[in-house]
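Thanks for coming, everyone. Please bring up the model on your screens and keep the sequence next to it. I'll walk through it piece by piece.

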Amino acid sequence: MKKLYSFFICTLFSLSASSIGTVDYTKGLSVWFDTPNNLDGQAIWLRASGSGANPDKTWESRSLPIGNGSLGANILGSVAAERITLNEKTLWKGGPNTSKGAEYYWDVNKQSAGVLKEIRQAFLDEDKEKAAQLTRNNFNGLAAYEEKDETPFRFGSFTTMGELYVETGLNELRMSNYRRILSLDSAMVVVQFDKDGVQYQRKYFISYPDSVMVMKFTANQSGKQNLILSYCPNSEAKSNLRADGKDGLVYTGVLDNNGMKFAFRIKAIHKGGTLEAENDRLIVKGADEVVFLLTADTDYKMNFNPDFKDPKTYVGNDPEQTTRIMMDQAVQKGYDELYRNHEADHTALFNRVRLQLNPDISSPNLPTYQRLANYKKGTPDYQLEQLYYQFGRYLLIASSRPGNMPANLQGMWHNNLDGPWRVDYHNNINIQMNYWPACSANLSECTWPLIDFIRSLVKPGEQTAQAYFNARGWTASISANIFGFTAPLSSNMMSWNLNPTAGPWLATHIWEYYDYTRDKKFLKEIGYDLIKSSAQFAVDHLWHKPDGTYTAAPSTSPEHGPIDEGVTFAHAVVREILLDAIQASKELGIDSKERKQWEKILDKLVPYRIGRYGQLMEWSTDIDDPEDEHRHVNHLFGLHPGHTISPITTPKLAEAAKVVLEHRGDGATGWSMGWKLNQWARLQDGNHAYKLYGNLLKNGTLDNLWDTHAPFQIDGNFGGTAGITEMLLQSHMGFIQLLPALPDAWKNGSITGICAKGNFEISISWKEGQLDKATILSGSGTPCNVRYGDKTLSFSTVKGKKYEITLVGNLLKLL
Ligand code: FUC
C-alpha cells in the first residue's frame with residue numbers, strides 16, 4: 001500500500017551527502033554500539049504467543065531500526081555478513097481473503113444485545129454471578145486470537161517480510177574501531193570499522209518522500225567491495241526470487257494464509273569492479289562503492305467502506321508493479337538526491353523540538369548500552385534522558401507517516417512469522433499510548449495513520465455496536481487488525497475481551513488532534529462524524545437504571561477484576577467522548593439538540609467514587625486491594641489521558657487518584673511505567689514522575705533503547721516521550737501550564753517547539769528550578785491562558801505572532 005504525501009516534504013537540508021564520511025555520528029543524538037553482532041539469530045522463524053522472551057535476543061536488543069512508516073528494517077551490523085530484517089507494515093495474515101472467504105471472516109459478532117435486559121435485571125437483583133455468567137456466555141466473540149485455534153486464521157497477524165544478507169568476505173580478525181550507530185538527527189544507520197588498514201562504512205536509510213530503502217557500502221580504498229546479497233524468505237509464503245535485469249533482483253511472495261501478495265525489488269549501482277545478478281543473488285566483485293536500492297510493497301488496500309461480501313475488499317494494486325514504479329524513480333534520482341530528500345523530510349519534523357536537561361553537566365561519549373548500564377547502577381545521565389525522549393520522537397516519525405497504517409505493538413519492526421499478541425493493534429492502552437506524544441511533541445502529521453485507522457473501523461464497528469448493544473454509532477474491542485476487525489475475540493477472560501469503550505477511547509484522539517491543530521476543515525469534513533458516532537455508541541451502550549442514573553453494565557476494568565455493573569474506566573471514557581462531542585458540536589455550531597442529550601447524560605452518569613482507603617474506586621463496589629500492583633491503571637483515565645480529574649479543578653479526586661498510584665507502586669511492565677509517569681506528571685509531582693521515568697529506563701529498556709514489556713513493545717517508548725513533555729507543559733485543562741512537574745534533578749534546561757492545545761508552539765527555559773522564559777507562538781489566534789505555579793496570565797493573541805513571558809517579581813508578565 002503506498003500513498004505519497006509529498007506536500008509534507010520541505011526542501012531544507014543541512015548536511016551535503018559528500019560530507020557524510022567525515023561526520024562523527026556518535027557525537028549527535030545517536031544510539032550506538034561498539035561491538036558487532038554475530039549471526040546467531042538469523043531467521044529464527046518461530047511462532048511466539050502471548051508474552052515471553054523473543055528467541056532472537058540479538059535482534060531484539062542490539063539491532064537498530066529505520067523506517068518510513070511503510071517499510072521498516074533492522075540493521076544488525078555483523079562484519080562477515082550484514083543482516084537486515086525487513087518489514088512492510090501491511091504484510092498481515094488474516095482478513096476476508098482467507099480461503100473460507102468474506103462471509104466467514106465477518107461472522108465474528110454474536111447477536112447478544114437481547115440478553116442485556118436479563119443481565120441488567122440480574123444486577124438489579126444483586127445476582128452478580130448470574131450477570132457475569134450471562135455476560136461470559138454472550139459477550140465474547142467468535143473468532144480465535146491464535147492461529148492454532150482456527151483454520152484459516154481470520155484475525156491474522158503481522159508477519160516478517162524476510163531477511164537480507166550481504167556477505168562481505170571479511171571476518172573480525174584484526175578488526176578495530178567498530179561502530180554501529182543510529183543517528184536520530186539524520187535517520188540513518190551507519191556501520192563502520194577498520195580492517196587491515198582499510199576503513200569500511202555502510203549507510204542505511206529509508207526515505208518517506210521517495211519510498212525507497214538505500215544501502216551504501218563504501219571504503220576509503222578502491223576495489224574493496226566484494227559482496228554477495230541474498231535473501232531468506234518468510235517461510236509461510238509461496239515465493240519467487242529472480243534476477244531483474246543485469247543489476248537487480250525481484251522477489252514476489254504470496255502468503256499461504258490469505259493470498260496477500262508482496263514484493264520487493266533491489267537494484268545495485270556500483271562504481272568500479274563487476275556486478276552480476278545470478279538467479280537469486282547479486283554478486284559484486286572488486287567495486288569501490290555499491291549502492292543497493294530496495295523498494296517493497298504489498299497488495300493491501302486501506303478501505304474505509306469495505307464491501308462485506310467481497311473477499312478482495314482490502315486488495316489493491318499489484319506490488320510487482322508498484323515496486324517497479326518506485327524503483328524506476330529512485331534509480332533516476334541517485335544516491336545524493338535520495339539522501340537530500342530523505343534528510344530534508346526527516347529534519348523538517350525531527351528538528352522541531354530540542355530538549356536540554358542540565359546542559360552544564362556533560363555525559364561521557366560512551367556506547368549507549370554502557371551509559372544505560374551505568375544509569376541502571378545509579379549514575380545520573382541527563383543526556384541519556386534527553387536521548388530517550390528524542391528516540392521516541394524518532395520512532396514515531398519512522399513508524400507512522402501519512403498514507404500508512406498506524407504504529408503497531410512493535411511499531412513496524414518484527415523478526416518473525418507471528419509475534420506476541422499478533423503484533424496487532426491493542427485498543428485497551430497500547431495503540432493509544434503510541435500516539436500520546438504525537439501532537440504535544442510537535443509531530444501532529446504522524447497522527448494521520450491513527451485517524452485513517454479509526455476511519456477504517458467505523459463501518460465494521462457499526463455492526464459490532466449493533467450486535468452487542470443494539471447501539472447507534474461504531475465501536476471496537478480489545479484487538480484490531482488491518483482488516484477492520486472490531487468484534488470481541490473469543491476468550492473467557494472477559495476483562496480482556498469485553499472492552500466496548502475501546503472505540504470511544506480511540507475517538508478521543510480525533511478531538512485531541514483537532515484541539516492541538518485547530519484545523520476546522522478537518523473537524524468539519526472528517527473528524528466530527530467520527531466523534532459524534534462514537535458518542536452515540538457511548539450513550540446507547542449505557543444502562544439507564546431505574547434510579548435515573550446511567551452506567552456501563554456490563555463492563556470490566558482492563559484485564560483486571562470482575563464483570564461489573566459499571567466500572568470507573570468505562571464511565572471516564574464515556575465522560576471524555578461526550579465532553580469532546582459537546583465541544584466539537586459547539587465549535588461547528590451544529591447539533592444543538594443532540595448536544596443537550598449528551599449534557600443530560602453527563603449529568604446523570606454514575607460519578608467518580610472514593611473508597612475506604614481514600615482511593616478512587618475501580619469498580620462499582622469498594623473492593624480495591626491496596627496490595628494490588630496490577631499494571632493497568634485505567635480507572636485513572638480521567639487524570640490521564642483524559643481531563644476530568646486534576647489537582648487544580650478537582651483536588652479531592654486528584655488526591656484519590658494519588659492513593660491509587662501509591663498502592664499500585666512504581667514498578668510494572670514498560671508501558672505501565674510509562675503511563676504512571678504521565679499520571680504522576682498530571683498530579684504535578686515532578687519528583688515522582690521523574691522516579692517513574694528512571695524506572696522505565698532502568699527496568700523497562702533494552703540496550704538499543706527499545707521498551708520492553710518483556711518482550712519488546714514500542715508503547716513504553718512513546719509513553720516515556722509523552723511523559724517528559726507532560727512534565728514540562730500541560731494544556732489539557734483549558735489553560736497552558738508551564739513546568740507543571742519539573743523535578744528537582746533537572747535544575748537547568750530548556751525545551752523548544754513543543755505544542756499546547758489551542759494551536760500554540762511553545763519554548764520554555766528554566767534556571768535553578770525556576771521559570772526563566774517562555775515563548776508562545778500562536779498558530780490560530782486563540783486566547784491564551786497561562787499558568788506557572790499559582791500565577792496566571794491571560795491575553796488575546798494574533799495568529800502567527802510570538803509572545804514572550806517571564807516572571808517579574810512574583811508575577812507572570814508579557815515581555
Ligand atoms: C495489554 C496489556 C498486556 C500487553 C498487551 C499487548 O493487553 O495488558 O500487558 O501489553 O496489551
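Let's start with one cysteine. Cys755 is buried, at a relative accessible area of 12%. Buried means under 20% relative accessible area, exposed means over 50%, and partly exposed is in between, with a 1.4 Å probe and protein chains only.

Before I go on, some ground rules. This is a predicted model: local features need pLDDT of at least 70, side-chain atom pairs count only at pLDDT 80 or more, and totals for chains, interfaces and linings use all residues. Residues are numbered from 1 along each chain as its sequence is written, and side-chain values use heavy atoms, with hydrogens and water left out.

Back to Cys755. Now Cys784. Cys784 is buried too, with a relative accessible area of 0%. Its closest cysteine sulfur is in Cys755, 13 Å away, so that pair is too far for a bond.

Next, the ligand. Which residues surround it? Going up the numbering, they are Leu409, Trp421, His426, Asn428, Asn430, Glu559, Arg631, His632, Trp671, His709 and Gln713.

Zoom in on the contacts. The side chain of Glu559 has an N or O atom 2.2 Å from a ligand oxygen. For His709, the side-chain N or O atom is 3.0 Å from an oxygen of the ligand. Gln713 has a polar side-chain atom 2.9 Å from a ligand oxygen. How much of the ligand does the protein bury? Taken alone, the ligand exposes 290 Å², and the protein buries 99% of that. Those areas come from the Shrake-Rupley method with a 1.4 Å probe; for residues, only the protein chains shown count as cover. A polar contact means a pair of N or O atoms within 3.5 Å; within protein, one must be able to donate a hydrogen and the other to accept it, and residues adjacent in sequence count only if both atoms are side-chain atoms.

Now the annotated domains. An unreviewed UniProt entry places "Glycosyl hydrolase family 95 N-terminal" at residues 54–302. UniProt also puts "Alpha fucosidase A-like C-terminal", again from an unreviewed entry, at residues 730–795. Positions use the numbering here, feature names are shortened, and annotations may be inferred rather than shown by experiment.

Compare their make-up. Residues 54–302 are 13% helix and 45% strand, with end C-alpha atoms 30 Å apart. Residues 730–795 are 0% helix and 59% strand, and their end C-alpha atoms lie 18 Å apart. Helices (H or I, at least four residues) and strands (E, at least two) are DSSP runs, numbered from the N terminus.

A few single residues now. Ala73 sits in strand β3, residues 71–75. Ala73 is buried, at 0% relative accessibility. Thr160 is in the loop between α4 (128–139) and β5 (163–167). Thr160 is also buried, at 1% relative accessibility. Its side chain reaches the backbone nitrogen of Gly162 at 2.8 Å.

Last, some backbone details. The bond from Ala553 to Pro554 is cis, with omega near 0 degrees. Pro554 lies in the loop between β21 (550–551) and β22 (555–557). His640 and Pro641 are joined by a cis peptide bond as well, with omega about 10 degrees.

Two non-glycine residues have positive phi. Asn470 is at about 50 degrees, in the loop between α10 (448–469) and β19 (479–480). Buried or exposed? Asn470 is exposed, at 54% relative accessibility. Asp591 has phi of about 55 degrees, and at 25% relative accessibility Asp591 is partly exposed.

That's the tour. Over to you.

Key:
Near = heavy atom within 4 Å. Disulfide = S-S within 2.5 Å.
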